[in-house]
Amino acid sequence: MILIVDFGSQTTHLIGRRIKELGAAVQIVTPESVLSTIQKEKPSGIILSGGPSSVYESGSPTIDKKIFDLKIPVLAICYGFQLTAHLLGGKVLFGRKEYGPARLEILNLKSQISNSLPKKFTVWMSHGDDIVFLPSGFIVFGSTEHVSFALATDEERKIFGLLFHPEVEHTEYGRHILANFIRICGSSVKEHKIDVEQIIAEIKEKVGDNYVIGAVSGGVDSTVAGVLAASAIGDKFIPVYVDNGLMRQGTTEHVKKIFTKTAGINPIVIDAVGETLENLRGIADPEEKRKVIGNLYITIFEHQAEKLAKSGKSTKFLMQGTIYSDVIESQGSKHAAKIKSHHNVGGLPERMKLQLLEPLRGLYKDEVRTLGKSLGLPDEFVHKQPFPGPGFAVRIRGEVTKERLEKEKKADVIVLEELEKAGLLASIFISFPVMTNAFSTAVKGDGQFFGEVIALRVVESQDVMTATWARLPYEVLQKISSRIVNEVSGISRVVYDISTKPPATMEWE
Ligand code: XMP
């Protein structure tokens, strides 16, 4: 078993996933309970995660440095490495920030951790501090342009420090490094798969004979979760879709079709288009928008549940398609930072006194897609782009009006059409225009006008945790830009967003 110490990184759970995929068991613990868990569980290796803190901040999480003398191999990642250096007599420099891709040069292949790595490859950084002196006993094995000690190890004590993140998909050879660590811990590397039958059995056991009301959106996550629930309990699963007018064109029809076809269940569809816009009037703050949409959603859902109860179908459970990236962005662990309130149904369970059923809570996007495929969902659906719960409202900076919503939707269709025509949709994780609320000058015909700027965001990702902007061909960018400024009224120009995640999230709000 490999013990992972969680210092609040967005990717602690992802480290766990990677280790499990390589065939080892995992236990995630808080820094405060490391020593007691080591005594009890006798792990064969310890991984120290990254985290949002700085070792110099008061109250930043720490560990007992006895763990370095136990002769258990330690892989220290990012904050974990900074903390290791700090505790063992090295020096960390406050505030030397670096986010996104960097080229790592391996200086020495003789460590077991760098075994059979190429000389140079891309790694993903996300750190606010840098290590400027290593503790004695450490040797540098890899550097990047800005970071001298990107990979350094104390071979004697078997401590392996990485300032980059081997667990994220955009770090090349990350899996390879983790596999090397598992071998250092004395285990062999094997393949591991998700067990659908086990998930279905767990749902059955949890809900028994009860009805389950399901919050569905037509997206991959809630549909896969819904199909699993329907496989477990049949028509005792009641999917409910709230049409708030903020979703992509055709979503309502799509929700009906997918549940009828794959699960033989007709979802309940509720029209809330007018009410949603009315409630959003005058609101520009992103978190405020989320709250307004969420509150209305809760009221509608509550009302629906009362109606069902009157017809003898009262429920104790609410099913949601929450996946792990949602959990972690809304602060999933003790030392983690909150990125944004991800869930538009956050207040539902308390108000309706319901228990949550979230069969995908521990899984990542790509795992959910694999699961969807194995459940027989059509290919084009499984690879469908994700869409945020608050919909287009978080892609319109400032107030969401009917007019701006229409423009956003029109531009969105253009982007999708052009990516499809160019045969690029399959390789893209998510694409959308953003109404930026910034204005600029343009000349249309002979007249000058001052119109809104649209930003185009097209990113590639697998597991949502990291992403890079799609290198679209210039002709496709040109086509999208021309069509948007010509076909969507009041738009003066289109700019392309070339930010990686981290630091920029995919959505603008
Ligand atoms: P970010 O912007 O956090 O996006 O990098 C990661 C994924 O999550 C989706 N997303 C949301 N989904 N409610 C949701 O249900 C939200 O508030 C929200 N914000 C982002 C986003 O579309 C992307 O797929």
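This is a predicted model: local features need pLDDT of at least 70, side-chain atom pairs count only at pLDDT 80 or more; totals for chains, interfaces and linings use all residues.

Modeller: To begin with the cysteines, searching the whole structure turns up zero disulfides.

Colleague: How do you know that Cys 78 is in no disulfide?

Modeller: The nearest cysteine sulfur to that of Cys 78 belongs to Cys 185, and it is 20 Å away. A disulfide needs the two sulfur atoms within 2.5 Å, so Cys 78 is in none.

Colleague: What makes Cys 78 and Cys 185 count as buried?

Modeller: Buried means under 20% relative accessible area. Cys 78 has 4% relative accessibility, so it counts as buried. Cys 185 has 11%, so it is buried too.

Colleague: Which other residue, just after H2, takes a positive phi?

Modeller: That's Lys 42, also at about 50°. Lys 42 lies in the loop between H2 and E3. With 63% relative accessibility against a cut-off of over 50%, Lys 42 counts as exposed.

Colleague: Staying with H2, why do you say its buried residues line one face of the helix?

Modeller: The buried ones in H2 (residues 34-41) are Val 34, Thr 37 and Ile 38. Looking down the axis of H2, the buried residues fall within an arc of 105°, so they line one face. The face turned away from that buried side carries the exposed residues Gln 39 and Lys 40.

Colleague: What covers the buried residues of H2?

Modeller: The cover includes strands E1 (2-5), E2 (26-29) and E3 (45-48).

Colleague: What does Arg 18 touch, leaving aside its neighbours within four places in sequence?

Modeller: Arg 18 is in contact with Glu 167, Val 168, Glu 169, Leu 178 and Asp 463. Glu 167 is 149 residues apart from Arg 18 along the chain, yet their C-alpha atoms are separated by 6.5 Å.

Colleague: And what makes the link between the side chains of Arg 18 and Asp 463 a polar contact?

Modeller: The two side chains are joined at 2.8 Å. The cut-off for a pair of N or O atoms is within 3.5 Å, so this one passes.

Colleague: How do you know that E6 and E9 pair?

Modeller: Pairing takes at least two bridges. Two bridges join E6 to strand E9 (residues 139-143), so they pair, and they run antiparallel. In that pairing Ile 106 stands opposite Gly 142 in E9. Strand E6 (residues 98-106) also pairs with strand E7 (residues 120-127), in the antiparallel sense over eight bridges. There, Ala 102 has Val 123 in E7 as its bridge partner.

Colleague: Last one: which peptide bonds are cis?

Modeller: The bond from Lys 501 to Pro 502 is cis, with omega near -5°. The bond from Pro 502 to Pro 503 is cis as well, with omega near 5°. Pro 502 is in the segment after strand E20 (491-496), and Pro 503 is found in the segment after E20 too.

How values were computed: Residues are numbered from 1 along each chain as its sequence is written. Side-chain values use heavy atoms; hydrogens and water are left out. Buried means under 20% relative accessible area, exposed over 50%, partly exposed in between (1.4 Å probe, protein chains only). Helices (H or I, at least four residues) and strands (E, at least two) are DSSP runs, numbered from the N terminus. The arc is that of the directions from the helix axis to the C-beta atoms. Contact means heavy atoms within 4.5 Å. A polar contact is a pair of N or O atoms within 3.5 Å; within protein, one must be able to donate a hydrogen and the other to accept it, and residues adjacent in sequence count only if both atoms are side-chain atoms.
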